[in-house]
Every structure is written in structure tokens, then in C-alpha cells.
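This report goes through one protein model, from its overall make-up to single residues. The sequence and the structure come first.

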Amino acid sequence: MPATSAHQTSSRSLFGNMRPRVPIAYKLALILTITVTIGMVILGSIITTNQYHLMKSQVDDFGTTIVNQLAAAAQEPVFTDDVVGLKVLANNLSSEPDIKGVAIFTNTSDVLVKQGVITSVPVDGNNTTLEATELSDGTYRLEWKQRTSRRKYIDMVSYISPIQFQEVVAGYAMVSFSQVKMLEVARSSVNGIILATIILSIVMSFIAIGMGRRLSRPIHHLMDVASDALNKGDYKNSRISEDELGFLLKSLQQLGQGIDQKSQLEDVFGKVMAKDVAKQMLNKLEDVEIGGHQVEATVMFVDIVGFTSLSEKLTPPAVAMFLNEYFSYFFHCANAFNGIVDKFIGDCAMIVFGTPKSDPDHRFNAVACAVTIQQLVLKLNQERKQKGLFPVNVRIGLNDGTMLAGFLGAKERMEYTVIGDAVNIASRLCDKAKAGQIMIPASIHDHSSVNSKIICQHHGSLSVKGKSATIDTYRVKNLRPKYQGAAKKLLYNMLKGLAN
């Protein structure tokens with residue numbers, strides 16, 4: 001990727017999708033509206049509750065005053081059984097517009113007189129008021145509902161005061177009032193507060209949207225300036241202001257520059273080493289040290305047979321083009337089966353499976369990659385023959401086992417690779433193989449992840465340089481039909497790409 005393209009990709013990843021789905025102006029409006037609404041609801045509840053209790057207290061004061069006056073006036077008529085006098089008192093009091101009912105009872109709950117609407121008998125046989133709330137001055141408050149029709153009721157309240165002389169209770173006086181007006185006033189207050197809350201919320205929404213747009217305008221400008229600067233690679237933009245947003249823009253530009261440089265480094269490193277290794281190295285730059293760790297992996301060597309004689313027939317540029325072409329095939333095949341190209345050694349490629357990323361199927365993936373490479377070479381030779389070009393053959397050797405993987409070399413120059421006896425044996429098996437052959441040891445052939453998936457022919461025991469004991473080997477012919485799908489698909493895609 002060119003530097004400009006890599007830079008544009010990094011800047012797009014930073015700013016390409018930064019426009020919020022919900023603008024900040026609307027978020028601010030929503031937050032302020034909810035805050036104001038909650039505040040108004042709380043305030044309205046407090047005001048309404050206080051007003052209701054105040055009105056209730058006023059009604060209680062009025063009711064207790066009236067009923068106490070009635071009890072005092074009815075004291076003599078009750079004790080003297082003057083029913084006519086009691087009726088006169090009841091008639092006079094019930095004529096008041098706010099009083100809906102007046103009644104006088106004996107201490108045994110017998111009704112002496114009543115005018116207007118009253119509830120049931122307020123006392124039982126033990127001279128105790130029923131379901132009433134005792135007030136501080138000795139009177140009682142009783143709330144009840146008057147039924148006016150089948151489904152309609154009116155809220156009522158009655159005040160009861162004992163009629164007594166020298167602690168002898170002779171009866172009770174009751175005065176009843178309607179609570180309709182009080183409830184209407186409370187309901188009117190609630191409606192007014194609700195209406196004020198709605199109006200204030202709407203007004204605050206418009207104000208908040210305007211404020212949000214005004215506040216977000218410089219932020220959007222900052223994003224545009226930063227995005228434009230990053231796209232152009234201008235990390236020292238002269239249009240930066242000296243306020244908080246200017247400092248933020250500088251930070252974003254430094255971040256973009258760092259990401260741009262890392263993207264370019266990763267792109268360059270990916271061309272000289274495996275991408276997984278490059279990412280691991282860039283993510284832990286401070287921790288990169290010489291050394292390695294033991295891994296269980298499979299190594300494959302792919303060697304172009306007779307390259308020396310082939311190179312003598314070609315010019316140096318043609319040799320380079322030829323090697324690059326086939327090394328590209330080896331790279332794509334390795335990549336398709338989770339392998340990494342460790343290095344290219346002359347006309348030979350060293351491919352590792354199972355590191356730096358762990359792969360439990362590294363043995364089978366290595367064999368499948370080797371089969372795919374050989375089949376690809378056969379297909380390419382058919383095309384080369386049609387073009388009058390010389391055929392190209394490769395030989396492949398594989399081995400599995402424990403090896404050391406990591407960054408090896410000097411502090412001034414290191415590379416990621418694998419070393420060990422298992423690597424050396426893979427190289428020796430590649431040397432023993434002939435053109436078109438894939439040589440594997442018995443350890444790979446007999447492994448449970450491989451044995452039932454490949455078609456092999458026993459090759460016998462081989463003695464290799466540097467090993468006193470012989471190695472039992474097999475030649476891989478092909479994958480079993482059940483496992484040929486991935487290899488065939490890769491071959492088809494690669495040949496299709498060459499045709500295009």
C-alpha cells in the first residue's frame with residue numbers, strides 16, 4: 001500500500017464514522033428536558049401536597065369549630081330531652097351553604113335529630129367512634145363517600161364532638177361537609193403545574209437544541225479540520241486555535257500521525273515477515289528481545305528442482321521474475337492453510353505451521369499445503385508446455401516436533417524464525433525427495449489428525465546427514481476425497497486469478 005493510501009485509510013478509520021447518529025444538540029435537549037420535567041414534577045408534587053394539607057387543615061379548623069359550637073349549644077337540650085330545641089339548632093346550622101348535614105346522637109347511637117346528609121351511626125355501644133381519626137382537640141374526623149347514583153359518589157367529611165357535662169357523655173354532635181371544592185382546587189393546581197411543566201419542557205427543548213448546535217459547531221469544525229489535515233498529511237496545520245479545542249486537535253493529529261506511521265510500518269514489515277509476527281512485534285515494541293520459546297509445530301521446505309541449470313538459461317531479471325512468481329504461489333498456499341513463510345533461501349522456501357499462532361491441526365494443514373503446491377505446479381506445467389516453456393518441478397520435505405520459535409540474531413539485527421533438530425530433519429527430507437514428491441516422517445503419518453485424511457506410500461527408512469538413526473518415511477500421494485475440497489477451491493481461485 002502506498003504511503004498516501006495507508007495514511008488515508010488510517011485517517012478514515014479515525015474520522016470516517018465519527019459523526020454521531022444522534023447529534024449532540026438533541027442529546028443535550030433531551031437531557032435538559034428530562035431534568036426540567038423531573039424538577040417540575042417534584043416541585044409540583046411538593047406544592048400540591050402542601051396546598052392540599054393546608055386546605056385540609058383549614059377545613060379541619062372550620063369543621064371542629066362548628067361541631068364544638070354545636071356540641072356546646074346542644075348540651076342543655078340533650079340532658080333535658082328538649083328535642084324541639086335540638087331541631088331548631090340543627091335547622092339553623094344546616095342552612096349554611098357549606099354544611100351538608102347535621103345530626104345529634106345519644107350515647108347509645110340513637111338519632112335524636114338530623115338534617116341533610118349524614119353517614120352511619122358514628123359510635124358503637126361502648127361509646128367509641130367508628131373508623132374516625134381523633135384530632136388534637138378531642139373531636140373526630142370521619143371521611144366517607146355519599147352515593148348519588150349507581151356509579152357516582154361524592155367525597156364527604158364529618159366532624160364529631162362529644163356532648164358532655166363534667167365528663168359525663170350524653171351524646172354526640174355531627175357536622176358533615178363536602179370535599180368537592182377542596183379536591184377541585186387541588187386538581188386545578190395539579191393541572192396548572194402539568195401545563196406549566198409541558199410548556200417549560202417545550203421551551204427548554206428549543207433552547208437546549210439551540211445551545212447544543214452552538215456548542216457542537218466548533219466541535220464539528222474541529223473534526224472537519226482534523227480530518228482534512230490528516231487526509232493531506234498536514235500534521236502542522238496553521239489553522240489550530242489556542243484554546244481547548246486547539247489542544248484537542250493537536251492531540252488528534254499526533255494520534256493520526258502515530259497510527260499512520262504504525263500502519264506504514266506494519267505494511268512494510270508484512271512484506272519482509274509474516275503479518276502475525278509483524279503485528280506481534282509492533283504491539284510489543286518495548287518487549288521485543290532476542291530469544292524464543294519451545295513450540296510444537298510443523299516445518300516444510302519447498303525446493304525448486306534443477307534451479308541452477310534453469311537459471312543458466314535465463315537473464316538475471318528473468319530469474320528474479322521467475323522466483324518471485326513461484327514464491328508468490330508458495331506464500332498464498334501457505335497463507336490459505338494457516339502457515340507462514342519463515343524465509344526464502346535461494347530457490348527454497350521455508351514454511352512453518354503452528355506458530356506464532358497455535359494450531360492443533362498444524363500437521364494436516366502442512367500436508368494439505370504441500371499437496372496443493374504440487375498440484376498447482378502440475379497445472380502450471382501444463383500451461384507452460386502450451387506456451388513452449390520448460391517445466392518446473394518442486395520437491396517438498398516436512399517434519400513435526402518441538403522447536404525453538406522467536407526472535408533470533410543480534411541486538412542490532414534479528415529475525416523471527418524456528419530452529420532445532422526437527423527443522424534440520426525437514427530440510428534433510430526435502431533433499432532426499434525427488435521432483436514432484438512430498439516426503440514426511442512416520443511421526444506425521446501416524447498422527448491421529450493426519451493418518452485417516454491422506455493417501456500415502458511407505459518409502460522406507462532413510463539415513464540423513466547428522467542423524468545416527470534412520471528415519472521411517474512416507475511419500476504423500478494426495479488427500480482423501482473427503483478432504484480435497486479446500487485444496488481444489490484454492491487451486492481454482494489461483495488459476496482463475498492467473499487467467500485474469
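This is a predicted model: local features need pLDDT of at least 70, side-chain atom pairs count only at pLDDT 80 or more; totals for chains, interfaces and linings use all residues.

Residues are numbered from 1 along each chain as its sequence is written, and side-chain values use heavy atoms, with hydrogens and water left out.

## Overall make-up

The protein has 13 helices and 14 strands. Both are DSSP runs numbered from the N terminus: helices are H or I with at least four residues, strands are E with at least two. Of the 500 residues, 40% are buried. The protein exposes about 28,300 Å², and carbon and sulfur atoms supply 55% of this area. Accessible areas come from the Shrake-Rupley method with a 1.4 Å probe; for residues, only the protein chains shown count as cover. Among contacts (heavy atoms within 4.5 Å) between residues at least 6 apart in sequence, 63% join residues at least 24 apart.

## The six-stranded sheet

Six strands form an open sheet in the order E2-E1-E6-E5-E4-E3, with antiparallel pairing. Two strands are taken to pair if DSSP finds at least two bridges between them. Strand E2 (111-116) and strand E3 (133-134) are the edges, each pairing on one side only. Within the sheet, strand E5 (residues 153-165) and strand E6 (residues 168-178) are antiparallel and share ten bridges; glutamine 164 has valine 169 in E6 as its bridge partner. Helix H4 (residues 83-94) packs on the sheet and touches strand E1 (99-106), E2 and E6; the direction of H4 makes about 20° with that of E2. Such angles run from 0 to 180 degrees between N-to-C directions, with axes fitted to C-alpha atoms, for helices over the stretch in contact.

E12 pairs in the parallel sense with strand E10 (residues 394-409) over two bridges, and isoleucine 396 has isoleucine 438 as its bridge partner.

## Salt bridges

The structure holds eight salt bridges, each defined as a side-chain nitrogen of Lys or Arg within 4 Å of a carboxyl oxygen of Asp or Glu.

Salt bridges with shared partners join Lys56, Asp60, Arg141 and Glu143 into one network. Glutamate 296 lies in strand E7 (residues 291-304) and arginine 363 in helix H10 (residues 362-386), so this pair ties together parts that are 67 residues apart in sequence. Glutamate 296 is partly exposed at 38% relative accessibility, whereas arginine 363 is buried at 9%. Lysine 343 is partly exposed at 22%, and aspartate 342 is buried at 11%.

## Surface patch and backbone details

Leu30, Ile34, Ile38, Ile42 and Ile46 make a nonpolar surface patch of about 460 Å². Patch residues have over 30% relative accessible area and no salt bridge; like charges are joined within 9 Å, and nonpolar side chains (Val, Leu, Ile, Met, Phe, Trp, Tyr) within 5 Å. Leucine 30 lies in helix H2 (residues 24-73) and is exposed, with a relative accessible area of 52%.

Threonine 355 and proline 356 are joined by a cis peptide bond, with omega about 5°; proline 356 is in the loop between strand E9 (348-353) and H10. Aspartate 81, though not a glycine, has a positive phi of about 55°. Aspartate 81 sits in the loop between helix H3 (75-79) and H4 and is exposed at 64%. Asparagine 338, also not a glycine, has a positive phi of about 60°. The loop between helix H9 (316-336) and strand E8 (339-345) holds asparagine 338, which is exposed at 52%.

How values were computed: Buried means under 20% relative accessible area, exposed over 50%, partly exposed in between (1.4 Å probe, protein chains only).
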